[in-house]
Amino acid sequence: MAKSVYVTAFIATIAIMLIVFFSVSISEANRVSEFNEEIKQISLENDLQSAFADFDSNNAEVFCLVMSQSINNLSNRSSSLEKKLLAYMDNSFNTKEFYLAKRSFLISNMLLYRNFQRAREFCDFNVIPVLFFYAEDSSCDVECGLIGAQLDSLASECSSFRAFNFPFNWESYEFTKILEVKYGVEKAGTLVIGSEIISHPISIEELKTKLGC
Amino acid sequence: MVDALILSGKEKALLFFLLALFTFLVLLASFLLSSIVLLVVFNGVFLFILLFYLLLYLNKGSHGVSNPPKSFPSVSIIIPMYNSKGTIRACVESVKRIKWLGKLEIIVVDDCSSDGSSEILKKIRGIRVITHEKNLGKAVALNNAFKRVSSKFVVCIDSDSYPERDILLKTMGYFEDKSVAAVTCLVLPDKRNSLIQKIQHIEYLAGFGLNNTLLSSISSSYVVPGPYTIIKRSVFEKVGYFQQGNLAEDMEFGLRLKKHGLKIINCFDAVVYTDIPITWSGLFRQRDRWSRGGIFNFIKYKELFFNRKNPDFGFFVMPFLFATQILTVAIIIRTLCFLLFDLFTTFKIIFEYLLLGGFFYFDFSRIVFPSSIYFFAVTYLIVLIYFALAFRLTKQKLGFRELPIFLILIFIYPYFITLIYSQGYFKEMIGVGGEWLRVST
């Protein structure tokens, strides 16, 4: 009697695990597709802003009008998406799909950063774009954790800056190399504020001053 | 005063090797697989065990129901006692009320009590008292009585336990099967007023009620609980008596019966009530003894692992029980290692944060449900069904007021028990002796 019970229990366990696994996979796939849709929307708006910047660079009136209407909203959406994407990525099985979504997001974030720079250049736009390079592995847990916490806490009380986070020197996101080379970033835990490179944690007061808080 | 037995050098080395091996495997898996996959695998093993028991429940038929005897042989009831002033009178009174048509004698072994319980005994009529000049422990107390009786069956009852009147009538019939060496019953807490008692009540229903019955249905019951066990006296000639100094002598004897191919039957219809720890520290001490005794006995009876004579016990019950216990301890070690590393990092961040100024900020929007939670939800649902079946089997009332206790039992209590098991492994590995004073729980 018992032998058949072992077999039945084993089959039932596998069956239940598979049913749950497929349900979870479907739910994760839906979530990734929602993220991808949102990334696509943000990318399109980024592209639109870039197009205005390219064609309207002489007097920049139309570009600035478009930027003033949409950039804050776009920035908030992008910021919220980033948090959700990273949180779900750490807690899902289907990490490959999430990696691809993150890749798309980072590309879109690079464009958004570029548009922030252009807006500061051509328009009356005071928000400081800040680049923060973190490590995907645990090599920068202390410094990156500290800088990340400082930026998060300042962002909650100060709207004079917008942090753009990028992984430093990571194979899956090789395109971020272009930013690292452009700004001469040599290690994770580096902040780029305007033309200033800060490669070590600084005091919160100093950071506040630099970010205009 | 009896010192507890400790493992030999080789056995300690074996235990250390097993724990190191499991910890290494867990750490290796942690680096090779994501923590979410690891959790699902561990959950899968647990789910398999649960489903196995549920299927056994469906297949068990009438196993464990009361089994009235065809004859009424002589029975000796033995109550080992040590400092049981508060319980011994009620215990003996309840034993005297037991219904039996054959010859019934009650023997109380006073293991050198010093709290006045000996004086109480003197006032109780109709019992035989054996007095020890020195405190020798529960096993010796029982053995001394076993050697002095001539009845065909002996019943062991802890001095803080109170059997129901029909307990013998319900359990004795199982001895018609010649391979049955001992019969146990449903052990329930005498009182269930406080949270700790309510938790133990459900735990006892599931453990002594459902789990023991299912185990006995596949001839894999391996404990003869102190509150009530009836043993065929001829068994002692074959397997010997209780082992002195063993922290879980009831389990050791049960495993010895298994080694000799003898059966222990659990009758869930028969009930004995027992005093249970009423404080967390008391519960810790009791479970420390149970866990250490369990580890000690599993190592001592390692030949029962993968033993073909007891296939269900040897290939499923014992390996799974031991592996899940040792795996849990290995996971605790792994978690502590990771936690220490995280704490180190966190403290460094806090230190630098304090140095550089600022305030802490936690973004709640980053909290999401991990996908593994769905797997655990299914498993916990089956755990709830398992507990509900334990209530059903033992004919206990189940209502919504039990739900908070269930939740504590499922989500919080296991951490307490795991903590006890973990420290138990280290105590056994380094050979902390300890004393085994009390003859009751």
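# Chat about a two-chain predicted model

Biologist: How many residues of chain A are in contact with chain B?

Modeller: On chain A 35 residues are in contact with 31 residues of chain B, where contact means that the C-beta atoms, placed from the backbone, lie within 7 Å. Bear in mind that this is a predicted model, where local features need pLDDT of at least 70 and side-chain atom pairs count only at pLDDT 80 or more, while totals for chains, interfaces and linings use all residues. Residues are numbered from 1 along each chain as its sequence is written, and chains are lettered from A and ligands numbered from 1 in the order in which they are written.

Biologist: Which elements of chain A give two or more residues to the side that touches chain B?

Modeller: Those are helices H1 (2-55), H2 (61-90), H4 (141-155) and H6 (204-211) of chain A. H1(A) gives the most, with 14 residues. Helices (H or I, at least four residues) and strands (E, at least two) are DSSP runs, numbered from the N terminus.

Biologist: And how do the residues on that side of chain A divide?

Modeller: Into 20 nonpolar, ten polar and five charged. Here Ala, Val, Leu, Ile, Met, Phe, Trp, Tyr, Cys and Pro count as nonpolar, Asp, Glu, Lys and Arg as charged, and the others, Gly among them, as polar.

Biologist: OK, chain A itself. What's the order of its elements?

Modeller: There are six helices and four strands in chain A, and from the N terminus on they run α-α-α-β-α-β-α-β-β-α.

Biologist: Compact or spread out?

Modeller: Chain A is more spread out than a compact globule, because its radius of gyration is 22 Å, well over the 17 Å that the globule rule gives for 213 residues. That radius is taken over C-alpha atoms, and the rule is 2.2 Å times the number of residues to the power 0.38. Along its principal axes the C-alpha trace of chain A spans about 85 × 40 × 30 Å.

Biologist: What about chain B, how does its radius of gyration sit against the rule?

Modeller: Chain B has 14 helices and ten strands. Its radius of gyration is 24 Å, close to the 22 Å from the globule rule for 441 residues, so chain B is as compact as a globular protein of that length. The C-alpha atoms of chain B fill a box of roughly 80 × 45 × 45 Å along the principal axes.

Biologist: Which helix in chain B packs against H2(B)?

Modeller: H12(B) (residues 372-393) does: its axis and that of H2(B) (residues 35-59) come within 10 Å and cross at roughly 25°. That makes H2(B) roughly parallel to H12(B). The residues of their contact divide into 17 nonpolar, three polar and no charged.

Biologist: And H1(B) with H14(B), what's the angle there?

Modeller: About 140°, with the axes of H1(B) (residues 9-32) and H14(B) (residues 413-430) 8 Å apart. H1(B) and H14(B) are therefore oblique to each other. B:Lys12, B:Leu15, B:Phe16 and B:Leu19 in H1(B) meet B:Tyr425, B:Glu428 and B:Met429 in H14(B).

Biologist: How about B:Ser219, buried or exposed?

Modeller: Buried, with 21 C-beta neighbours inside 10 Å. Phi of B:Ser219 is also positive, near 55°, and B:Ser219 lies in the loop between helix H7 (195-217) and strand S8 (229-232) of chain B.

Key:
Two residues are in contact if their C-beta atoms, placed from the backbone, lie within 7 Å. Axes are lines fitted to C-alpha atoms, for helices over the stretch in contact, and angles run from 0 to 180 degrees between N-to-C directions. Angles under 35 degrees count as roughly parallel, over 145 as roughly antiparallel, 65 to 115 as roughly perpendicular and the rest as oblique. A residue is buried if 20 or more other C-beta atoms lie within 10 Å of its own, exposed if 12 or fewer, and partly exposed in between; C-beta atoms are placed from the backbone.
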